[in-house]
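Please read the following note with the model open beside it. The points are numbered so that each may be checked in turn.

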Amino acid sequence: MKRKISILGSTGSIGRQALEVIEKLNDKFEIIALAGGNNTELLNQQIAKFKPKYAFSNKPNEIIGAKYLSLDEICADTTNDIILVAVSGKIGLQPTITAINSGIDIALANKETLVMAGDIVMPLAKEKGVNIIPVDSEHCAIHQCIKDITQVEKLIITASGGPFLNKSIEEMKNATVEEALAHPRWDMGRKITIDSSTLMNKGLEVIEAHHLFNIGYENIEVVVHPQSIVHSAIEYVDGSIVAQIGLPSMHIPIQYAITYPERFEGIKSKSFSFSEIAHLDFEKPDWNKFKALSIAYECGKQGGSLPICMNAANEEAVFAFLEGKIKLFDIINTVEKMLEKHNKVQAPTLSEIFEIDNEIRIKTRELF
Ligand SMILES: NC(=O)c1ccc[n+]([C@@H]2O[C@H](COP(=O)([O-])OP(=O)(O)OC[C@H]3O[C@@H](n4cnc5c(N)ncnc54)[C@H](OP(=O)(O)O)[C@@H]3O)[C@@H](O)[C@H]2O)c1
C-alpha cells in the first residue's frame, strides 16, 4: 500500500528535497496535496510532475492542474497518512493542529510550531495518538538514538557554528546579508540560514527538543561541531553516549521522517566512510558572541508566552536584516528589547498565542 502524503511548503528547501526523496521512492508514496506560498511557477511544475489532487498557493487563481484547498482543508483530509509540515515561520502552526485533530501523523520540519505552542501541540498529539516525527537533522538524530526517554540523562545537540564561528564580534557587527547567508555546511531557506548565523536557530532547536522529548532545559547541552557529521547524541544515565552520524544531507532526515518506522535505500548521496574523515572537532559555544542561544534557553525555561515573543520578534528582525534595514546584531538587540517590554502570559491558549504573536510582530515592525 502506498503511503498517502501531503507536503506543506513543497516549493521550499525542505519541500523540494522531500520531492526528490519521493521521486526515488515513487512506489511507496502517493501525493495527495502540494502547497507552496508565492512561487506558483515551481508549484505548477511540481503539480505537472507529481499529479496531486489538491494544491495550495497564496495565488489560488494561478494553480494549474489541481484543485485549490486551503492549508487547513488539506490537513483535515483524512485520506492523508502523513503530512510534511515544511512551511517556514508561524504559518505552520494552525495546519499542524488541524492535522493532529484529524488523526494524521506529522513529519515536522517547521520548528516554530513547537516553539510557539509546544505545550499545546505535544499533549494534543498524545491524546489523538498522532506521531510527530522530527525532520530537523538534530532532532531526527535524537529520535533515532532514544529507546526510552526515562533512561536519558542528557541530550547533546550539535551546532555547525554557522558562517561566523571563527569571526570576531567586530567582523560580525558589520556582516553583510551575503556573508550571513553563506552557510558553510547546509543549503537552506533564507530565514533559517540567518538564524543559523546568529545561533538563534540552535536556540529554537533547544526549545523544540524540550517539547519533542519532554526533557528539562538543564538536560539539554549544545556543542559546536563544525564538520556536521555527528548530528546529535544522547547520554544515558549509565554514562553511555549514543550518537547518530552521517554526511550532512537533509535527504536522510526527511526520508526517515516520512517513511518512519520503515527504512529504505532511497537517496544516499555518497556513502559515509570513517576512514575518510580525518578528525572531528567539538567545542563549547561562545555565549558572548552568540547571545541568541542564552536568550532562547532563558525564554524556554521561563516558558509561557516568552518563546512566542522571542520567535515573533526574531522573525520580523530577520526579515528586516534581509531587507537591509538593520545590522546583524540588531536582530538580537531587537529580540531583547521586545522581551523587556513583554508582559508574560503564563499558559496562553491557542487564540492567545496567535494574538500575542500578531501584536509582537506589529510592535517589532514599528522599530524599523
Ligand atoms: N532547510 C533546511 O535544511 C531545514 C532544516 C531543518 C528545519 N528546517 C525548517 O523547515 C521549515 C522550512 O525551511 P526551508 O529552509 O525549507 O524554508 P524555505 O526554503 O524558505 O521554504 C519555505 C516554504 O514555505 C512556503 N511558505 C512561506 N510562507 C508561506 C505562507 N504564508 N503560506 C504558505 N506557504 C508559505 C514557501 O513557499 P514559496 O517559496 O512558494 O513562497 C516555501 O515553500 C522552517 O521552519 C525551518 O526552520 C529547515
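1. The residues in the shell around the ligand divide into nine nonpolar, 13 polar and four charged. In this classification Ala, Val, Leu, Ile, Met, Phe, Trp, Tyr, Cys and Pro count as nonpolar, Asp, Glu, Lys and Arg as charged, and the others, Gly among them, as polar. The model is a predicted one, in which local features need pLDDT of at least 70 and side-chain atom pairs count only at pLDDT 80 or more, while totals for chains, interfaces and linings use all residues. Residues are numbered from 1 along each chain as its sequence is written.

2. Which residues come nearest to the ligand? Of the 26 residues around the ligand, these are Gly12, Gly37, Asn39, Met188 and Gly189; a residue is near a molecule if its C-beta atom, placed from the backbone, lies within 6 Å of it. Two or more residues of the shell are given by helix H1 (13-24) and by helix H9 (190-198). H1 provides the largest share, three residues. Helices (H or I, at least four residues) and strands (E, at least two) are DSSP runs, numbered from the N terminus.

3. Helix H9 deserves a point of its own. Seven of the nine residues of H9 are buried, and the helix is mostly covered. A residue is buried if 20 or more other C-beta atoms lie within 10 Å of its own, exposed if 12 or fewer, and partly exposed in between, with C-beta atoms placed from the backbone. The buried residues in H9 are Ile192, Thr193, Ile194, Asp195, Ser196, Ser197 and Thr198. Their cover includes helix H8 (177-181), H10, H12, H13 and helix H14 (328-341).

4. H9 also packs against H13, at an angle of about 100 degrees and with the axes 10 Å apart. Axes are lines fitted to C-alpha atoms, for helices over the stretch in contact, and angles run from 0 to 180 degrees between N-to-C directions. H9 and H13 are therefore roughly perpendicular to each other; angles of 65 to 115 degrees count as roughly perpendicular, under 35 as roughly parallel, over 145 as roughly antiparallel and the rest as oblique. On the side of H9 the contact is made by Arg190, Lys191, Ile194 and Asp195, and on the side of H13 by Glu315, Val318, Phe321 and Leu322. Two residues are in contact if their C-beta atoms, placed from the backbone, lie within 7 Å. By class, the contact of H9 with H13 has four nonpolar, no polar and four charged residues.

5. The contact joins Glu112, Val115 and Met116 of H5 to Pro307, Ile308 and Asn311 of H13. Its residues divide into four nonpolar, one polar and one charged.

6. H12 also meets H13: their axes come within 7 Å and cross at roughly 145 degrees. Here Ile295, Ala296, Cys299, Gly300 and Gln302 of H12 meet Leu306, Pro307 and Met310 of H13. The residues of this contact divide into six nonpolar, two polar and no charged.

7. Most residues other than glycine have a negative phi, and most peptide bonds are trans. Leucine 199, which is not a glycine, has a positive phi of about 70 degrees. Leucine 199 is found in the loop between H9 and helix H10 (200-213), and it counts as buried, with 30 C-beta neighbours inside 10 Å. Asparagine 214 has a positive phi of about 55 degrees and lies in the loop between H10 and strand E9 (220-224). Asparagine 214 is partly exposed, with 13 other C-beta atoms within 10 Å. The peptide bond from tyrosine 260 to proline 261 is cis, with omega near 5 degrees. Proline 261 lies in the loop between helix H11 (251-259) and helix H12 (291-302).

8. Is alanine 86 buried or exposed? With 26 C-beta neighbours inside 10 Å, alanine 86 counts as buried. Its place is in the loop between strand E5 (82-85) and helix H4 (93-101). Leaving aside neighbours within four places in sequence, alanine 86 is in contact with residues including Ile7, Gly12, Ala18 and Asn110.
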